[in-house]
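Colleague: Could you walk me through reading a structure like this one? I'd like the general idea each time, then the case at hand.

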Amino acid sequence: MAVYSMTGYASAQLSPGTSPASHDGGKTATHPGAGLRLGLEIRSVNSRFLDLSFRLGEELRSHEPALRELISSRVKRGKVEVRGGVEGAGAELVREPSMATLQRLAAVQDTVRTWMPDAPALSVAEILRLAAAESSTGVDWGDGLMKIAAEALGELVAAREREGARLVKMLLGHLGQLRTLAEQARPLVPQLVEQQRQRFLERWKEAMALSEGAVAHDAAQDRALTEATSFAIRIDVAEELTRLAAHLDEIERLIKKGGEVGKRLDFLIQELHREANTLGSKSALLELTRISVDMKVLIEQMREQVQNLE
């Protein structure tokens, strides 16, 4: 299965033409929606859940439930904004209201203000909107809207799939780099053990020197062994490296499986960051500290990429 990004954009338009020639003299009948253009845009960005918002013209608002159902069937996560409306073709975007329409609006306004004197007067924008609604051709845009919605949704899903493939390629590259860093860290563990041994030999000698005439030999030995055990536990990074490798394998498995993996990958990235942090905090070698820093840089980049996946 493919892995999808939550980021994408698509649009579609529909311009009704003319109907076939009629039989009353062979004239071509004009389509009720001729001269108008139906347009739809769908944008999506990342979000924790599916968040749909619609900005539709008056002619299309009744079709919002159908659009919501259509989009929800193919998009599972993301903040999705849908814009749609009907516009005039060419330069005639704003139609001048007829004299009869203006007279009716003025009469209605006078009636309302007779009973509600404080009611504000209609603005030019409100007059144009009301006149446009009154002069509507009465075209049912439902079929055309669903047709271009399906077209735009297909393009959106394809765009999200392409972006998802790009993110997957980057994530797999980062996984390879993290595995390389982990392999560089493993040979350093014996160096840590040897470093630990030398330090405790020195501490043992110091403890024995201080114990002459004051502390019993057994007590000094117990003190040195206690410190050695405590330090060994504190600097042991083998367990962190093992867990880190297991997380990397699981991330790769999920990516190759595909589907809705964004939330699970986000959790695993947090676990990777925790192991890299612990690795750095336990480090007693400068080289191991550098590896930890490099790991955290890569993991942060992966976190940003994973948060865009569905």
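Colleague: Let's start with charged pairs: which side chain meets Arg 274 in a salt bridge?

Modeller: Side chains of opposite charge can pair when their charged atoms come close. The working cut-off for a salt bridge is a side-chain nitrogen of Lys or Arg within 4 Å of a carboxyl oxygen of Asp or Glu. Here Arg 274 meets Glu 271, at 2.5 Å from N to O. The two are about one helical turn apart because they sit three residues apart in helix α8. This is a predicted model, where local features need pLDDT of at least 70 and side-chain atom pairs count only at pLDDT 80 or more, while totals for chains, interfaces and linings use all residues. Residues are numbered from 1 along each chain as its sequence is written, and side-chain values use heavy atoms, with hydrogens and water left out.

Colleague: Are the two partners, Arg 274 and Glu 271, buried or exposed?

Modeller: Relative accessible area decides: buried is under 20%, exposed is over 50%, and partly exposed is in between, with a 1.4 Å probe and protein chains only. Arg 274 is partly exposed at 43%, whereas Glu 271 is buried at 16%.

Colleague: What does α8 itself look like, and how many residues has it?

Modeller: Helices are DSSP runs of H or I with at least four residues, strands are runs of E with at least two, and both are numbered from the N terminus. The expected span of a helix is 1.5 Å times one less than its number of residues. Helix α8 covers residues 262–282, which is 21 residues, and its first and last C-alpha atoms are 31 Å apart, close to the expected 30 Å. Its buried residues include Leu 265, Leu 268, Leu 272 and Leu 279.

Colleague: How many salt bridges does the whole structure hold?

Modeller: The search finds 19. One of them joins Arg 243 and Glu 239 at 2.5 Å, N to O; these residues are four apart in helix α7 (238–257), so about one helical turn separates them. Glu 41 and Arg 43 form another, at 3.4 Å, with Glu 41 partly exposed at 27% and Arg 43 partly exposed at 38%. There is also a network that links Arg 179, Asp 249, Glu 252 and Lys 256.

Colleague: Where is Glu 310 placed, and what does its side chain reach?

Modeller: A polar contact is a pair of N or O atoms within 3.5 Å; within protein, one must be able to donate a hydrogen and the other to accept it, and residues adjacent in sequence count only if both atoms are side-chain atoms. Glu 310 lies in the segment after α9 (286–306), and its side chain reaches the backbone nitrogen of Arg 77 at 3.4 Å. Glu 310 is buried, with a relative accessible area of 5%. A contact means heavy atoms within 4.5 Å, and beyond four places in sequence Glu 310 touches, among them, Tyr 4, Arg 160 and Gly 262.

Colleague: And which residues does Leu 52 touch?

Modeller: Leu 52 is in strand β5 (residues 50–56) and is buried at 13%. Leaving out residues up to four places away, Leu 52 touches Arg 68, Ile 71, Ser 72 and Val 80. Its C-alpha is 7.7 Å from that of Val 82, 30 residues along the chain.

Colleague: How does the chain come out overall?

Modeller: The chain has nine helices and six strands, and 34% of its 310 residues are buried.
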